[in-house]
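Q: I have a new model open on my screen and would like to learn how to read it. Could you walk me through it, feature by feature?

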Amino acid sequence: MNTKNTVAAVYPGSFDPPTNGHLDIITRASGLFPKIIVAVTENQNKKHLFSLQERVSLLKEASENLKNVEIVSFSGLLAHFLERVNSFTVIRGLRALSDFEYEFQMALMNRKLNKKIETVLLMPDQAYAFLSSSMVKEIASLGGSTSGLAPKCVEKRLKEILKCTI
Ligand code: COA
């Protein structure tokens, strides 16, 4: 794949909430492509803690130092969103072998929906290989420290939300 001809790459996800692992992937991708569109959506298989709007604003705040990164939301199929933005390169993070099957299935299904879609899998720093949004929420809800696991703005919002639900 010639990345020089790629105007933008799209990093889709539910980001509930964004973690430092997601930020690590966004930072790596922003160095590889002229522009990164982080596309936040609902994952129908998950019950989200943060609203879509809130996930977008947390990602905006956490990535404000990266000038070629845009944060947007979408609903419906990723393949249709890619058509709308005329960008067919998808970025996804691969933390461990256990992520591979899901990512492989999604990559091939997206390509079946539109043969122009290519998926690029990036490995996060090994410090984030064990990290997930669910783990960050669980640690915060049980009073543990999420320092170093999620951006400061996420840590702050988690504390506020969890205080309200106690
Ligand atoms: N660091 C830390 N955590 C990471 C990570 C990284 N680098 N990469 C993935 N994760 C974790 C996330 O924290 C999340 O954890 P959780 O399960 O505890 O919430 C999990 O891995 C995956 O979440 P995320 O990367 O945010 O995406 P997702 O799997 O929720 O999103 C979509 C999948 C949104 C891309 C997919 O459902 C989609 O495309 N939906 C649109 C509808 C569609 O087109 N469907 C057909 C697809 S073929």
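This is a predicted model: local features need pLDDT of at least 70, side-chain atom pairs count only at pLDDT 80 or more; totals for chains, interfaces and linings use all residues.

Q: Which pattern does the protein chain follow along the sequence?
A: Helices (H or I, at least four residues) and strands (E, at least two) are DSSP runs, numbered from the N terminus. This protein chain has six helices and five strands, and they come in the order β-α-β-α-β-α-β-α-β-α-α.

Q: How do I read the radius of gyration of the protein chain?
A: The radius is taken over C-alpha atoms, and the globule rule is 2.2 Å times the number of residues to the power 0.38. For 166 residues a compact globule would have a radius near 15 Å, and the protein chain agrees with its 16 Å.

Q: How much of the protein chain is buried?
A: Buried means under 20% relative accessible area, exposed over 50%, and partly exposed in between (1.4 Å probe, protein chains only). Buried residues make up 49% of the 166 residues.

Q: Which residues of helix α3 are buried, and where do they lie around its axis?
A: An α-helix has 3.6 residues a turn, so residues three or four places apart point the same way. In α3 (residues 78-85), the buried ones are Leu78, Ala79, Phe81 and Leu82. They fall within an arc of 160° seen down the axis of α3, so they line one face of the helix; the arc is that of the directions from the helix axis to the C-beta atoms. Their cover includes β1 (9-13), β2 (36-40), β3 (69-73), β4 (89-93) and α4 (97-113). After α3 comes Asn86, with a positive phi near 55°.

Q: Is Lys137 buried or exposed?
A: Lys137, in helix α5 (residues 133-141), is buried, because its relative accessible area is 18%. Leaving out residues up to four places away in sequence, Lys137 touches Asp16, Pro17, Leu49 and Leu158. Lys137 and Leu158 are 21 residues apart along the chain, with 7.6 Å between their C-alpha atoms.

Note on methods:
Residues are numbered from 1 along each chain as its sequence is written. Side-chain values use heavy atoms; hydrogens and water are left out. Contact means heavy atoms within 4.5 Å.
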